[in-house]
Amino acid sequence: MCGIIGCTGRDDAVDVVLEGLATLEYRGYDSAGMAIVSGTQAAPELRVVKRAGKLASLRHAVEGQSLPGRSGIGHTRWATHGAPTDRNSHPHVSGDGSLAVVHNGIIENHEALRAELQAAGVELASETDTELVAHLVAAERDILSAGDGAAPTTDGSRLAEALRRAVRRLEGQYALAVLDVGEPETIVAARYGAPLILGHDDGVSWLASDIAGLIAHTRDVEVLLDRQLAVLTPGGIAVSDLDGQESEGVRYKVDWDVDAAEKQGYPHFMLKEIYEQPQALTDTLLGRLGEDGTLALDEQRFADGELRRIDKVYVVACGTSYHAGMVGRYAIEHWARLGVEVEIASEFRYRDPILNPHTLVIAISQSGETTDTIAAAAHARDQRAPVLAVTNVVGSTLARQADGVLHTRAGPEIGVAATKTFLTQVVAADVLALFLAQERRTLLPEEIADAFARLEALGPLLEQVLAHDERIAELAHRLAGADYFMFIARHAGLPIALEGALKLKEISYLHAEGFPAGEMKHGPIALIDDGGPVIAIATRSHVRSKLLSNLAEVRARGAVVVALATEGDPEIAAAADHVIALPDVHELLAPILAVVPLQLLAYHVAVALDRDVDQPRNLAKTVTVE
Ligand code: AGP
């Protein structure tokens, strides 16, 4: 939700900022803007260019302008306060135009700050909360310049001290980067509750909201932590805390390279990411089962025996990750014999659930930065419940705050609609179920090894499912004229029906809903009219015969039925208008195969309708606001 970028030490700072924004555009695309310190050494000047709309509008505005400069900051916006207009685009500047700020997050006490600044005679140029920060920092800087006797800070930057003082006044979440003509080659950044990654190499320092923004320059990164500030200069990066004391973020080496974040010949990132799923599944499982036959987590900070004493599990997540948690529930209940509740994080965090040290809370988030999921995990920890994170981002906020972590190894996902991160979350949830079964001794080691081998065997089967792509594309073109899609399923297929509907509505903007097939006759069947598509997950399971009856019921009322069925199932074939045959696998693992045709269906419907597949309207990849 908003991407910020910064670079100091390169003569072509404007190009570096633009390229960085291109890699971060998936975080928000309502507007884009940049500030560069230009002019001469003796008379530096701050140049700001910003435009509503996608990055292409900013590029167009920058073209033909001469913007030489060695330091710059940029922003790509998902609008919260104020409509997506030029005026509300970031960066925002101080009254005298000498200082610029970009921001990801929400300042919650903006009304009080706005009133205070206006009472002091400050004229505001936008409706945003961010502009207030620009005025606050500039005011603190001016007080410091006038000399208030404050002791020098370890980083020696007046701008850093001004930002430090300003952020003490802020309530809410922020990742901020500030540029000031008074310190032309310095960028100062601060973070609380929104991600910020730093990198330095060979006389250049960078900052970005996520790794995608830095990976073209360096794989050695430092994650800035909450309540830390960073001073970036060409010579290096100094991290300090809010008291000005030297500090350190979390350093690590990124294990993917720049190619992973390119389209590599595919028309869209989403299609590339769908096709990467067999490899992503293999990577997520790689090395998990040790030579001694035991499963281990990636990070484990649980107390001895803590997991063995667990008697209840909550899964908290949002959107697609919530659906992955729903799939995981079936596996945890079946293999680890634990009761599982799956909850939307934004609801869980404001409930009063019964939690204690014997309740395990599993937080699932591909980004590891979703505000509601982080808050739900914190809510659990406050009640001394241990938290286990499933995330695709090493070093993310969620991963750092959890007692244990299982990483999905999907690689970077740029398409806003989650595909390979979902599939690997489901795989990870299955691994977790087996891990809990091992800890609780509800399965024998050979049963765990057998289930794990079945998971590993899904890689080649996923390739077989992808081979249906062309047929699904034809079907999608035929169905794209429908204005309402229903997805139905039972048991472990149900979360896949919900996910299929979410995927379709996200990128095609068509109305789609998923239902438990058994619920149809309690209301939703009234929606069926002649020719309306009903997509059914009807693979082999102990509830398949029940689903067969549900197919007959909707077909009798005129629905066009598309069934995902197990290969060689003549009954389902007879009950459907179109069948997509999937390899025969264990019913708890079938969701991993079944989601792929639904991702492809959503993709091809969106292409047929000429939608912006990778950057659908109103959405952003990482939701760092409530
Ligand atoms: C998925 O297609 C969505 N864009 C969205 O629902 C997403 O899954 C949700 O915002 C949760 O994100 P997270 O996994 O990064 O926490």
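## Basis

Domain bounds are taken from an automatic or database domain assignment. The model is predicted, so local features need pLDDT of at least 70 and side-chain atom pairs count only at pLDDT 80 or more, while totals for chains, interfaces and linings use all residues. Residues are numbered from 1 along each chain as its sequence is written, and side-chain values use heavy atoms, without hydrogens or water.

## Largest pocket

A pocket is an open set of points on a 1 Å grid over the protein atoms alone, where a 1.4 Å probe fits, with protein on both sides within 12 Å along at least five of seven lines; lining residues have an atom within 4 Å of a point.

Domain 1 (3–260) and domain 2 (263–456) each contribute at least three lining residues. Strands (DSSP E, at least two residues) and helices (H or I, at least four) are numbered from the N terminus. β14 (250–253) and α7 (277–285) each supply at least two residues of this lining, and the largest share, three residues, is from α7.

## Second largest pocket

The second largest pocket has a volume of about 550 Å³. Among its 26 lining residues, G319, T320, E506, K621 and V623 are the closest to the centre. Two or more lining residues come from each of α8 (319–336), β18 (359–365), α10 (371–382) and α16 (494–508). This pocket lies between domain 2 (263–456) and domain 3 (466–626), because both give residues to its lining.

Note on methods. Points joined across faces, edges and corners; volume = space filled by probe spheres on them.
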